[in-house]
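Hi,

Here is the structure I said I would pass on.

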Amino acid sequence: MQETPHGDVLELPWQTELCCASPPAQHHHWGEGVDEGSAGSRRAPSDPGHPPQCLFRNSTSTLIPPQETNPSGATCWDILCRVDETWENVICDLKHRATSSDTSTPGLVTICLQRLVSQPDREVNTTHGTDSMDCVGKDSITCSIVILAVSSIVVVTANVSNTTAGPLIVLIVPPRLGKPSPPVNLTHTQTADGELVLSWSKPLPHASPVPLSYEVRYITSHNTSNPNWKHVEVTGDQWVSLTGLRSGLHYIVQIHSHHPALPHLWSDWSQPHHIYLEDVTYLPERVAASLGDSVTVHCVFNDRRVNASTAVWFLNLDRLPQSQYTAVNDRVSKITVQPSEQKLYDILRCCQPSGEKYSCNYRYATIYIKDPVIDISCVTNGDLDSMTCRWNNIQTKINFLSRVADLSCDVMEEAEAEEEVGGAVGVVREAVCVSSRSREVKSCTLQPIRVTSCYKLWMEAKTDNGTRSHPVYITPMDHVKPHPPSGLEAVSMPSGVLRLAWVPPELPLYDMQYQVRYALSTGRAHPFWQVLASQAESWAEVPDPDVCRVYNVQVRCMHINRSGTWSDWSHTLYTTPHNSRAPDQGPDFWRVFQEDPASNQTNVTLLFKHFPIVEPTYCVEGLVVQHQASGGIVTEERIGLVSSYRFEWREEVHSVTVKAQNSQGYSTRNINMTLERHPKLGVFGSCHGRQLKC
């Protein structure tokens with residue numbers, strides 16, 4: 001507000017009331033506490049010896065509805081001064097306000113408009129020339145004065161006949177108002193109560209301090225060919241709450257505005273703003289939090305057929321207990337959770353029951369976790385040309401990053417701590433990342449690598465908020481998984497010891513330790529392995545083995561200082577029994593007969609006695625049964641090392657011989673059993689060669 005010789009300066013448009021007291025003998029209290037002009041000064045009650053006085057009451061440069069009551073015993077006029085639409089004249093309208101308590105007859109009213117010419121950078125005064133316009137009337141007056149290009153001040157005075165001169169008001173003409181530009185920056189948000197709020201910015205430049213009036217219109221996009229716009233009027237504010245919008249529909253929203261002094265001169269409509277309400281909205285949709293923080297998320301159901309009281313919340317596909325969430329109202333459910341460990345982000349969903357399952361919208365809320373600690377483990381391959389890093393995580397929207405420096409990891413960590421001063425350490429490298437068969441594991445491979453350099457490894461979420469995990473520092477040479485040993489050999493020694501030997505891998509070039517495991521070869525998918533203690537030599541002895549049994553043998557290796565990882569187990573070696581000669585004799589056995597009269601045959605079962613190992617110079621690897629019928633035809637059947645054998649006997653005479661065999665040949669001392677049928681004695685068997693329990 002500017003001070004002038006005439007009083008305070010107010011801006012147009014200007015609205016007030018002119019109130020004049022009745023004769024003081026009738027009303028002598030009305031002037032108490034009534035403002036005069038805009039300075040807020042007060043007048044004493046009217047002096048009976050002076051004419052009544054006129055005052056401007058509640059003058060303001062803001063357009064407001066006039067008050068309904070007049071001061072007791074006063075006659076009042078409403079005054080509105082404004083600039084016309086051409087911005088060439090200041091017009092003041094004065095109109096008498098008649099009330100039921102006002103019994104006086106208004107006198108002649110004179111309103112004077114005086115134009116003061118002002119120069120830039122000087123105080124407002126009358127030394128540069130004035131022009132004035134006096135207008136007289138009784139019930140209503142319209143008075144105007146032309147605005148000159150260099151003029152920006154108008155002085156307004158008003159008085160009524162038989163009263164003292166009225167107060168003086170100085171009005172400044174603001175820069176010319178014209179058709180405003182359309183509002184800009186239209187945006188919409190939803191509140192935690194589910195309210196949809198549209199907001200905007202007034203166009204620039206906007207010279208007038210008086211708030212603009214706005215009109216909002218909106219329509220669904222499929223009705224644009226036959227528009228039926230819905231309109232909402234907004235006065236003063238730059239936001240409005242839109243109600244009744246339905247989910248699943250696209251809305252087009254526009255706004256235009258006008259100055260209160262130019263109510264018919266609207267701006268053009270703003271650029272279209274598009275609103276699409278999903279069935280579900282999350283507030284906030286994305287948020288960053290530290291471990292241990294409590295995070296509150298609201299779920300707004302824009303589909304009004306759904307009630308928030310039946311909502312069910314899920315965190316990373318796991319249903320959360322109902323005690324963690326509550327319904328704010330019919331449309332909004334609220335939950336409070338804490339971020340998970342070992343993750344870069346959490347996914348929150350609110351769903352609705354659907355039979356025995358749940359119906360979930362595709363949208364979700366994301367909680368990004370600040371500086372999480374994720375267990376990253378890396379393995380360098382046996383060729384020392386690549387390093388594969390893995391972590392337990394089902395999340396896919398992440399980037400795996402690395403930085404390498406030719407430093408030890410201790411030195412690199414110290415340098416990273418001083419990064420803000422000295423700049424970044426090392427060069428950022430990209431890794432090739434692939435999904436593994438397990439959904440819970442991701443792996444990324446760095447290739448080629450510098451095996452003695454230090455690698456800083458971390459993960460970042462694929463967002464703009466820069467969420468990243470706590471870094472891990474690794475030297476590839478300390479995490480080598482060698483190739484398994486090759487050339488594994490096994491020799492059964494005459495002393496009864498199984499001696500093993502192998503060839504170490506070519507890389508890496510450091511001392512290794514080895515581990516041997518062995519198991520009886522039983523044909524099972526998972527043998528019962530026995531593991532020998534780790535050792536530095538590239539050979540080993542298996543004590544007290546059964547030299548006549550076959551064993552599965554494997555060997556693996558790792559760095560002798562136990563850094564890195566064990567190699568895979570080598571290819572399986574199947575041992576062979578130690579045989580310096582063929583077996584001496586065949587097995588002893590018993591015979592069991594079972595007659596079958598219906599088929600006129602006899603079923604014969606041979607039960608073999610276990611072979612005692614007298615000396616470890618040979619082993620029996622299997623049995624051979626030789627059959628000779630009465631016609632002289634001889635057949636043989638290899639039956640392995642079994643405890644029994646069964647065959648059918650039909651001929652009158654049948655001869656059976658059982659031999660032991662190994663890789664060196666067959667036994668020469670064997671038992672021969674002859675089966676004969678006698679009409680009186682029935683079945684009869686005789687044995688030859690060695691004493692037989694038959």
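Let me start with one cysteine pair: Cys-409 is buried, and Cys-454 is buried too. Please keep in mind throughout that this is a predicted model. The two cysteines are joined by a disulfide, with 2.2 Å from S to S. The link is right-handed, at 110° about the S-S bond.

In total, the structure holds 7 disulfides. Another of them is formed by Cys-81 and Cys-92, whose sulfur atoms are 2.0 Å apart. Its S-S bond has 115° about it, and the link is right-handed. Cys-81 belongs to strand β7 (residues 74-83) and Cys-92 to strand β8 (residues 89-97), and the two are 11 residues apart. How accessible are they? Cys-81 has 0% relative accessibility and therefore counts as buried; Cys-92, at 1%, counts as buried as well.

Then there is the disulfide of Cys-378 and Cys-389, with 2.1 Å between the sulfur atoms. This link is right-handed, with 105° about the S-S bond. Because Cys-378 lies in strand β31 (residues 377-380) and Cys-389 in strand β32 (residues 387-392), the pair ties together parts 11 residues apart in sequence. Both cysteines are buried.

If you are planning to look at cysteines one by one, which one is in no disulfide? Cys-112 is in none. The nearest cysteine sulfur to Cys-112 is that of Cys-143, 7.6 Å away. Cys-112 has 17% relative accessibility, and since the cut-off for buried is under 20%, Cys-112 counts as buried. Cys-557 also counts as buried, because its relative accessibility is 0%.

Now for the charges. A search of the whole structure turned up 16 salt bridges. One of these pairs Glu-285 with Arg-363, the closest N and O atoms being 2.5 Å apart. The pair links distant parts of the chain: Glu-285 is in the loop between β21 (280-283) and β22 (286-289), while Arg-363 is in the loop between β29 (357-360) and β30 (365-369), 78 residues apart. Glu-285 is partly exposed, with a relative accessible area of 26%, and Arg-363 is partly exposed at 24%.

Another salt bridge joins Arg-450 to Asp-406, with the closest N and O atoms 2.8 Å apart. Arg-450 is in the loop between β36 (441-446) and β37, and Asp-406 in the loop between β33 (398-405) and α1, so this pair ties together parts 44 residues apart in sequence. Arg-450 counts as partly exposed at 36% relative accessibility, whereas Asp-406, at 58%, counts as exposed.

Asp-584 and Arg-581 meet in a salt bridge as well, at 2.5 Å from N to O. Asp-584 is partly exposed, with a relative accessible area of 29%, and so is Arg-581, with 27%. As for networks, salt bridges with shared partners join Glu-278, Glu-285, Arg-286 and Arg-363 into one.

Last, the surface. Where does negative charge gather? Asp-410, Glu-413, Glu-414 and Glu-418 form a patch of it there. Glu-413 lies in helix α1 (residues 409-417) and counts as partly exposed because its relative accessibility is 39%.

Cheers

Methods:
Residues are numbered from 1 along each chain as its sequence is written. This is a predicted model: local features need pLDDT of at least 70, side-chain atom pairs count only at pLDDT 80 or more; totals for chains, interfaces and linings use all residues. Side-chain values use heavy atoms; hydrogens and water are left out. Patches are made of residues with over 30% relative accessible area and no salt bridge: like charges are joined within 9 Å, nonpolar side chains (Val, Leu, Ile, Met, Phe, Trp, Tyr) within 5 Å. Accessible areas come from the Shrake-Rupley method with a 1.4 Å probe; for residues, only the protein chains shown count as cover. A salt bridge is a side-chain nitrogen of Lys or Arg within 4 Å of a carboxyl oxygen of Asp or Glu. Lys and Arg count as positive and Asp and Glu as negative; His and the chain ends are not counted. The place of a charge is taken as NZ of Lys, CZ of Arg, CG of Asp or CD of Glu. Helices (H or I, at least four residues) and strands (E, at least two) are DSSP runs, numbered from the N terminus. Buried means under 20% relative accessible area, exposed over 50%, partly exposed in between (1.4 Å probe, protein chains only). A disulfide is a pair of cysteine sulfur atoms within 2.5 Å.
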